Each structure stands twice: as C-alpha cells, then as structure tokens.
Amino acid sequence: MARGSSRGPGSSPRRPASKRPAPRARSARQAALGRAASTAAAGWRNRISSAKANRRTVRRVSFGIVLLFLVILVAPTLRAYLQQQSDIEALRDKVSQQQRGVEELKQEQARWADPAYVEQQARTRLKFVKVGETSYTVLDPEQKDATGSVAHGGDAAEPWYDTVWSSMQVADVPSNQRR
C-alpha cells in the first residue's frame with residue numbers, strides 16, 4: 001500500500017500549498033494573546049537562563065570555599081614540613097662539624113700517646129727539666145705579646161693582685177688630686 005493512497009477515517013486529503021486557503025486574519029485580541037504568550041515564553045527563558053547562571057555562580061562559590069578550606073587545611077602542614085626540612089639540614093651540618101671535631105680530638109689523642117710529645121709539652125707548659133739540667137727563665141720588663149709588639153707592663157716581679165689593688169686605689173682618687 002502506498003502511503004498517500006489509503007486514508008483512514010476522518011483524515012482529510014492533503015492539498016498542494018498553492019490550493020490551501022489563506023490563513024485567517026487574526027483579531028486584535030488574538031494578537032495580544034500571542035504577544036503575551038511570546039512575552040511569557042521569553043520571561044521563562046530569561047528565568048531559566050538566570051537560574052543556570054545562578055547555579056554556575058553557586059558552583060563557583062562552592063568550589064572556591066572548598067579550595068580555601070583545603071588551603072587552610074594544608075598550609076600549616078606544609079609549613080611544618082618545610083620547617084622540619086630546614087631543621088634536619090641544620091642538624092646534618094652540626095653533625096658534620098662534630099665529626100670533624102671528633103677527628104681532631106682523635107688526632108690529638110694519638111699525639112698524646114707519643115712519649116716524646118708528652119715530654120715536650122711538660123717542658124714547655126710546666127717548665128719541667130730532667131735531672132741534671134738547669135732551667136733558666138728570662139724576665140724582660142718589655143715583654144712582647146702575640147702580635148710581636150712590645151707590651152709595657154708594670155714591675156714584672158709584682159704579683160697580679162698587687163696591680164689590681166693599686167689600680168683600684170688610683171680609681172678611687174679624683175683626677176684633680178692625682179700626682
């Protein structure tokens with residue numbers, strides 16, 4: 001059966017576009033209703049698009065809040081991690097310095113195990129002499145300090161506490177009464 005040949009009950013035959021009757025003229029009331037319907041449809045479209053925009057804004061704000069929460073949650077942990085890393089690095093430096101110090105002390109301990117070194121230190125530091133040797137100590141009023149310049153001290157035979165006592169007595173006398 002061909003599509004256009006059989007028609008069911010109540011169907012009207014299709015007419016070509018040229019033979020269709022012209023649309024009826026609308027009344028003013030129908031035109032106003034049509035405009036109101038199109039305005040209402042435009043209003044609904046605006047409401048729908050603004051609702052979509054509101055949803056997007058809500059999503060963006062929600063995402064920002066979640067992101068801010070994560071930053072607040074992670075920032076102290078990250079700061080503590082970085083602080084611990086710098087502490088670890090400082091401790092590693094300290095350990096390496098202490099290891100160098102230990103090596104120096106081991107070398108010094110090895111020197112002190114040598115009897116010749118012990119004897120030399122006893123002679124220079126403690127002024128020890130062997131039996132039969134004569135020790136001489138030169139007292140020079142102009143002693144040279146470590147830089148090689150001449151240090152003018154008081155009487156070399158005077159003990160240090162006498163020097164301190166005499167300086168305290170001089171400090172007690174006003175400057176206009178000094179000799």
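The model is predicted: local features need pLDDT of at least 70, side-chain atom pairs count only at pLDDT 80 or more, and totals for chains, interfaces and linings use all residues. Residues are numbered from 1 along each chain as its sequence is written, and side-chain values use heavy atoms, with hydrogens and water left out.

Me: How far apart are the end C-alpha atoms of H2?
Reply: Helices are DSSP runs of H or I, at least four residues, numbered from the N terminus. The expected span is 1.5 Å times one less than the number of residues. For the 12 residues of H2 that gives 16 Å, and the end C-alpha atoms agree, at 16 Å.

Me: Within what arc do the buried residues of H2 fall?
Reply: Buried means under 20% relative accessible area, exposed over 50%, partly exposed in between (1.4 Å probe, protein chains only). In H2 the buried residues are Tyr117, Gln121 and Ala122. They line one face of the helix, because seen down its axis they fall within an arc (directions from the helix axis to the C-beta atoms) of 135°.

Me: Is glutamine 121 buried or exposed?
Reply: Glutamine 121 sits in helix H2. Its relative accessibility is 10%, so it counts as buried.

Me: Is phenylalanine 69 buried or exposed?
Reply: Phenylalanine 69 lies in helix H1, residues 28-112. Its relative accessibility is 53%, so it counts as exposed.

Me: How far apart in space are serine 135 and arginine 123?
Reply: Serine 135 is in the loop between helix H2 (115-126) and strand E1 (142-144). In sequence, serine 135 and arginine 123 are 12 residues apart. C-alpha to C-alpha, their separation is 9.9 Å.

How values were computed:
Helix = DSSP H or I, 4+ residues; strand = E, 2+ residues; numbered from the N terminus.
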